[in-house]
Number of protein chains: 2
Amino acid sequence: MKSKEEVVHEFRVQTIQDATMRVIARKGMAAATIQEIADEAGVAKGTIYLYFRDREELVEKTFECAMTQLLDRIDAAIAANEKLEDKIRAIMTAKLGFFSANREFFRLYLSLRMPEGTAATQRRQRQHCQPRYRTRTEQFAAVLQQAMDRGEIRAVDPYRLALFIMEGSTAIILERLKEPASPDEQDDVDFMTSFILDGVRKRSRS
Amino acid sequence: MKSKEEVVHEFRVQTIQDATMRVIARKGMAAATIQEIADEAGVAKGTIYLYFRDREELVEKTFECAMTQLLDRIDAAIAANEKLEDKIRAIMTAKLGFFSANREFFRLYLSLRMPEGTAATQRRQRQHCQPRYRTRTEQFAAVLQQAMDRGEIRAVDPYRLALFIMEGSTAIILERLKEPASPDEQDDVDFMTSFILDGVRKRSRS
DNA sequence: TGATCGAATGACCGCTCGTCCAGTGGCCTG
DNA sequence: CAGGCCACTGGACGAGCGGTCATTCGATCA
């Protein structure tokens, strides 16, 4: 049973993290100030420091929280399917769906890919956020490796392949978020899946 | 004939822009200060303001200058080849070669993809830098469209395809720059070209 | 109901950084 | 060689940031 204080505490943390994502989505990582996040959350600046040590921890925790949700979805997508084609389709569906439901998170996601700031800031980012990407890429690379071992696909460097596909799909998501009216989610998933599997060249009918 | 003043002026501009790229490559966009750029260029802080209105113009001009070189290379790569496969191969070679020769530019290139900062800053970026990406993507999309018209490749949304491929290849370049010892440039070009054309699925030998 | 508590506040501090400008010294000209 | 010109300098300045802490005040309890 959660005590009343715990519930209030969790609620505050959640409110502040939501505000953080919205402000970063609006202004970008560098221009998102503590003051504006506080205003957005409807609390005073000092209050944020009761829940997070400093700006860096705030951003990091906010990122972790949303990223974990995404990774869980992708894990499930991988586990629930057998054939590579189905896995890819499920992963892409999960990714598109997640970012369409969490638009504000996308900007933060993009910002933390590339390390910014001073050496010290970079060190902490490398320790916390970048591994999440690397793990994710390696996880996808492992899926591809399995498919290669089973002879489902051609043998190439799986890590490079994973990188290419993940960044390519991120570009499609970014485009979808920019478009006033995107095509059906399923259409983009189909487009990407078939491109990944068969490329663009016309197939000689076997 | 250039006057002596013009030569000196150009030299200064070039020196400062080179320094700007180096510092941004080292520290990242947000942490690159005018003071450090000035030190790197071997001039005083104030001198920079004799050649550039403000920090924003400095960054923008630096970006434009390098970006134009890249675009020229890609234009040449497209014009010099007939078949789509050759065009893609040439474009990828040009891109990899350019960034391997201009490592410092890559960080700036990545930073300006996503708008950062205040609304005013964003407006200027949208007007100057983002169109360069969009144009580049549209240019590549046009190449793909032509190949579709000629029946060389399957008909899909060319703009989405262009986005996917451009971002995917950017990820490979980023990985190459991170690696202490990258594989041969030609290997990565071959990998990407064959992936783009044929995907990963084993081809049924026709 | 009065005493107590601690979560929330926001004025404040120290600092960094972009920008400005009064001063300087090397070069060109008459 | 004298004198003016102007490219260059670098300290001064103020805006605006993250982070602190003395103060406030509604909830809680004896």
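Helices here are DSSP runs of H or I with at least four residues, and strands are runs of E with at least two, both numbered from the N terminus.

## About the model

The structure is a predicted model, in which local features need pLDDT of at least 70 and side-chain atom pairs count only at pLDDT 80 or more, while totals for chains, interfaces and linings use all residues. Residues are numbered from 1 along each chain as its sequence is written, with chains lettered from A and ligands numbered from 1 in the order in which they are written.

## Chain A

Let's start with the fold: chain A has 10 helices and zero strands. Of its 206 residues, 33% are buried (20 or more other C-beta atoms within 10 Å of the residue's own, with C-beta atoms placed from the backbone).

Two residues are in contact if their C-beta atoms, placed from the backbone, lie within 7 Å. Among contacts in chain A with a separation of 6 or more, 55% link residues 24 or more positions apart.

## Where the chains meet

Between the two chains, 36 residues of chain B are in contact with 36 residues of chain A. On the chain B side, helix 9 (158-178) and helix 10 (185-198) each give two or more residues, and helix 9 gives the most, with 11 residues.

## Around DNA strand C

Helix 3 of chain A gives the most, with four residues.

How values were computed. Buried ≥ 20, exposed ≤ 12 C-beta atoms within 10 Å, placed from the backbone.
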